[in-house]
Amino acid sequence: MSIATDARRTEKPVQAGEKPRKKRARRGRITDENGRRMPVWEIVLRYVLLLAVLALMIGPFLWQLSTSLKGPHENIFSSPPKFLPSEPTLHNYERVADTIPVWDYALNSLKVATANVVTNCVGATLAGYALARLRYRGRKVATLVFILAMLVPVEGIIIAQFTTMRELGLNNTLIGVLLPGSISALNVLLMRNAFLNLPYEVEEAAYVDGANVWQRFSRIALPAVKGTLAVVAIFAFMGAWDDFLWPLIVLSDPDRFTLTIGLNYLHGTFANDERLVAAGTVIAVLPLIALFACLQRYFFRGVGEGAVKG
């Protein structure tokens, strides 16, 4: 006789009109990474710390958003400060467009940032694959060069960059803004580490089947590092979109200004409207939020990057 049959016999039949008994649900226990049950005070402490970090990270942006929505007759320096606007309005965003050609500046920034994403994704992927998977003399030296390039501050080479752009005739052009950051050493090392996590057996099997280097790169290695590629794309877009110092040096024509330089004109010499500055800041941040929202599911794939796909 089976155990299931004995269990069914021991159960009491439900009488007519009697509601079936509900099984007691076990209370879920909150445990840490080692499986140890966490006390209540530790759980509360962790949530308090998380909320504090969250407030520090997004608090300034929310304050800028609130300031940009406040009307001209509302005191933004009141004590105690009021977070929510009493009469929300979008008039400040219209004033930004009337004060400076913000959409032309945003288009220039978008051109530079998009081109920077393409050049970094292509260049860093190819360079990272060459450093991680190919065998040739000087590979370790080339890796060391990329590591040393990260240690050089931008301020130490910015004069040399400006002189180079002037000799090439690229001053006051968007190509001159793009070229120095077209391939970042950090992105190359990120792609190299991602390719290093791939098992060599997969590529060896493809090599035995007759696949050449480009086929192994495009069909095996590249699809396995989409998460790191998304990280490179986000870093490249943010770096080009937020850059202020280099476009300020290389550009002199207002028609070619990027958004970060154009927003600087919202700070007047004799007048400084904080509502106007806050509205311009929100306009500059929104594309970054949209990009991260589109790529976040790839961004958090880094834990299992390089694993064998079944």
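**Salt bridges, core and surface**

Because glutamate 42 and arginine 46 are four residues apart in helix 2, about one helical turn separates them. In this predicted model, the two residues form a salt bridge whose closest N and O atoms are 3.3 Å apart. Glutamate 42 counts as buried, at 14% relative accessibility, whereas arginine 46 counts as partly exposed, at 37%.

The structure holds four salt bridges. Among the residues involved, Arg133, Glu203 and Arg216 are linked in a network. Arginine 133 pairs with glutamate 203, with the closest N and O atoms 2.9 Å apart. Since arginine 133 lies in helix 4 and glutamate 203 in helix 9 (residues 200-208), this pair ties together parts that are 70 residues apart in sequence. Arginine 216 also forms a salt bridge with glutamate 203, at a closest N and O distance of 3.5 Å. This pair links helix 10 (residues 213-221), which holds arginine 216, to helix 9, across 13 residues. Relative accessibility is 8% for arginine 133, 10% for glutamate 203 and 11% for arginine 216; with buried defined as under 20%, each of these residues counts as buried.

The largest nonpolar core has 51 residues, and Val96, Ile100, Phe195, Trp241 and Leu259 have the most contacts inside it. Helix 4 (residues 102-133) supplies the largest share, 11 residues. Tryptophan 241 touches, among others, Ala106, Leu110, Leu259 and Pro287.

Leucine 51 belongs to helix 2 (residues 40-68) and counts as exposed, at 56% relative accessibility.

Key:
Residues numbered from 1 in each chain as written. Predicted model: local features only at pLDDT ≥ 70, side-chain atom pairs only at ≥ 80, totals over all residues. Heavy atoms only, no water. Core = buried A, V, L, I, M, F, W, Y, C linked by side-chain atoms within 4.5 Å. Buried < 20%, exposed > 50% of the residue type's maximum accessible area, 1.4 Å probe, protein only. Helix = DSSP H or I, 4+ residues; strand = E, 2+ residues; numbered from the N terminus. Contact = heavy atoms within 4.5 Å. Salt bridge = Lys/Arg side-chain N within 4 Å of Asp/Glu carboxyl O. Lists of a residue's contacts leave out its neighbours within four places in sequence.
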